[in-house]
Amino acid sequence: MTEISARDRKTPKSVSQKGSTTLATRVLELVASGEASSRAELAELLGTAASTISLTVAQLVERGLIAEEGTHSSTGGRPRRVLRAGSNDEYAVAADVGGRHARIGVVLPGGGVRDVTNVPFEVSDGPEAALPRLVEHLESLAEQRGRDRLRGVGLSLPGPVDVASGAVVLPSRMLGWNRFPVGPWLEERFGIPVAVDNDANCMAVGEQSARHSEHQQSIMVKIGSAIGAGVIADGRLYRGATGAAGDITHIRIDGGADIPCSCGNTGCLETVASGAALVRILRERGLDVASPEDVVRLATDADPEATRAVRRAGDHLGQVLAANVNFFNPDAVYLGGILSTLEPFVAAVRSKLYESCHPLVTEHLTIERASLGADAGLVGAGLFALRLALTRALGDIGRATPGADRRHTVTNRERI
């Protein structure tokens with residue numbers, strides 16, 4: 001969602017301030033981001049009279065853009081109603097796509113999920129063949145829940161995504177998908193906003209929605225067939241100058257110098273620490289493995305070769321993460337994807353980080369599996385879709401407001 005500038009967030013000013021967005025837009029941005037969840041917090045952050053905030057919130061509730069639920073715990077005084085973006089009954093359908101399956105479900109405005117299931121999805125079939133089958137599954141979910149309340153469609157893809165165009169860009173494991181307009185293609189079929197993003201970014205956003213008040217600076221690492229990372233800075237997804245922030249996949253490391261990578265270089269992290277790399281390594285050692293799931297099965301059964309390879313992969317990942325953790329100094333490192341289910345892998349990552357990082361950096365550092373598990377990417381994709389729908393709704397409000405200054409301040413940090 002379009003971001004409020006740091007100056008507007010921190011300095012109380014009147015709502016007529018030059019260059020500001022409409023008050024309704026600013027209220028919804030703060031609620032959607034989680035920075036404010038009550039009228040009192042909104043009034044304090046915006047430096048606006050409580051009566052004006054109450055009127056604006058009431059208008060947004062009437063439009064279905066904000067919902068009220070429950071109350072804040074209070075030590076005295078009048079209880080405060082909790083505000084959140086979105087009406088109580090709206091939702092998005094979302095899919096977290098892997099190489100051979102997709103995890104689909106219904107995502108609610110608060111990040112809750114319903115009707116989650118795995119369906120077949122072959123990335124290797126290409127978008128023209130694979131997407132229509134996925135649409136059938138998503139349409140079925142929408143029909144079951146009520147098509148009239150569907151607000152957006154979210155899609156998490158295992159490759160680099162140009163968010164503006166909704167297309168995958170130069171993916172290493174998605175033959176036939178390069179530059180295919182996935183977002184516009186889906187939007188034409190559903191007739192509502194569609195958000196398409198990289199799987200690691202979706203996981204980072206999903207996990208942050210579950211831990212918003214806990215950690216504001218974090219790195220989410222997905223370790224499946226490939227490896228990716230999403231970065232949360234000040235509670236928001238950080239994309240970088242060209243949207244490539246968190247791309248640790250092609251960092252070259254010791255121990256992989258002679259192994260060619262899909263990027264054209266040799267010795268990249270992906271060649272020694274990904275699920276695909278482990279399949280190759282174990283097959284070279286004579287084990288019968290064909291997928292990362294096979295690797296997990298063997299390691300879970302305490303196969304010595306599989307366990308050794310998994311520990312080594314975790315050590316390699318920890319080596320790369322150590323440089324990033326020392327530089328970024330996050331509150332937490334979250335691990336997701338199929339390899340994160342293996343304790344030897346997680347232990348190896350944790351051990352390498354403690355060994356290689358400055359004690360001040362690791363003193364309060366959380367290193368653990370994603371709390372949402374396999375649903376993190378699904379939740380993130382759905383939240384992206386719902387917030388894209390809100391952004392468009394805000395644009396409609398702005399066009400309907402006479403004399404409103406509708407300019408937005410955009411930065412490289414996307415509010416989640």
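A residue counts as buried when its relative accessible area is under 20%, as exposed when that area is over 50%, and as partly exposed in between, with a 1.4 Å probe and protein chains only. By this rule, 53% of the 416 residues of the protein are buried. What you see is a predicted model, in which local features need pLDDT of at least 70 and side-chain atom pairs count only at pLDDT 80 or more, while totals for chains, interfaces and linings use all residues. Residues are numbered from 1 along each chain as its sequence is written, and side-chain values use heavy atoms, with hydrogens and water left out.

The secondary structure comprises 14 helices and 15 strands, where helices (H or I, at least four residues) and strands (E, at least two) are DSSP runs, numbered from the N terminus.

Five of the strands make up an open sheet with mixed pairing, in the order E5-E4-E3-E6-E9; two strands pair if DSSP finds at least two bridges between them. Strand E5 (113-120) and strand E9 (194-198) are at the edges with a single partner strand each, so one side of each has no neighbour in the sheet. Within this sheet, strand E3 (residues 91-97) and strand E6 (residues 150-157) run parallel and are joined by six bridges, and Ala94 has Gly154 in E6 as its bridge partner.

Helix H7 (residues 199-210) lies across E3, E6 and E9 and runs at about 105° to E9, the angle being taken between N-to-C directions, from 0 to 180 degrees, of axes fitted to C-alpha atoms, for helices over the stretch in contact (heavy atoms within 4.5 Å).
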